Amino acid sequence: VLKQSGIIINQKDENSYYVVSSQVYQPINNNVEGDYSNAAFIASLNYLEGDVKIEGLNKESFQGDKKYIELFEQLNNGYTTCDIKNCIDLGPILFCFASLKHGGCFTGVNRLRIKESDRIGDIKEELQKFNIEVIEEEDKVIINNKHIQKPNIILNGKNDHRIVMALSIMLSKFGGEIEGIEVIAKLEIPKISLTTYILAQTSKDNLNKSVTRLCGPKVNGVG
């Protein structure tokens with residue numbers, strides 16, 4: 001986009017870029033491509049008896065979270081090991097997706113501990129409510145779902161929109177309740193974090209409540 005606007009950036013090596021000073025931006029008309037990071041939550045429903053079509057994604061995008069397309073296929077086909085170092089925001093949805101499929105091993109996870117929440121410890125706590133074994137190591141998370149079951153207590157969104165959305169995927173299968181869903185509605189740009197995605201599974205009034213019930217086991221036509 002910067003190049004199209006007349007801005008030159010030279011890459012010196014893998015981690016170094018040089019920007020010439022005093023450059024002048026040129027106005028352009030362009031479309032802002034869709035966000036693969038958020039699309040992953042909706043796309044996961046296609047592997048869970050859903051029927052979803054997502055538009056606005058650039059197939060040639062450089063977004064790291066585009067990796068979800070490949071990782072969903074791998075996890076859907078069987079137990080696998082995934083390196084998510086370069087697509088770290090996919091962590092919560094991948095952990096939940098693996099929990100609903102064949103389990104999985106995830107490496108390169110360290111940065112998840114310093115996001116809006118501890119996305120390893122917090123998602124582990126919530127997945128344990130489904131009787132899922134989550135083994136937490138220094139830079140690795142292992143998901144074992146052999147004894148998965150419907151939770152009998154309310155889930156907690158941990159004041160983190162990605163955890164709320166990932167847990168809602170779990171509940172699309174089992175049904176249940178999430179406390180703290182309003183974290184999505186309170187974001188400055190709620191559409192970016194898929195308020196409409198949650199509205200597809202619950203009522204608008206419930207977005208302003210601390211606890212929202214999501215119904216399972218089947219979600220169709222969300223998107």
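In this predicted model, 4 strands form an open sheet with mixed pairing, in the order E3-E4-E6-E5. Strand E3 (81-83) and strand E5 (133-137) are the edges; each has a single partner strand, so one side of each lacks a neighbour in the sheet. On average, neighbouring strands of this sheet are turned by 15° against each other, direction ignored. Axes here are lines fitted to C-alpha atoms, for helices over the stretch in contact, and angles run from 0 to 180 degrees between N-to-C directions. Helices (H or I, at least four residues) and strands (E, at least two) are DSSP runs, numbered from the N terminus. Two strands pair if DSSP finds at least two bridges between them.

Two of the pairings are listed here.

| Pair | Sense | Bridges |
|---|---|---|
| E3 and E4 (residues 104-107) | parallel | 3 bridges |
| E5 and E6 (residues 140-144) | antiparallel | 5 bridges |

Thr 81 has Cys 105 in E4 as its bridge partner. Val 134 stands opposite Ile 143 in E6. A hairpin of 2 residues links E5 to E6.

Helix H2 (residues 68-77) lies across E3 and E4, at about 165° to E3.

Contact means heavy atoms within 4.5 Å.

Residues are numbered from 1 along each chain as its sequence is written. Local features of this predicted model need pLDDT of at least 70, side-chain atom pairs count only at pLDDT 80 or more, and totals for chains, interfaces and linings use all residues; side-chain values use heavy atoms, leaving out hydrogens and water.
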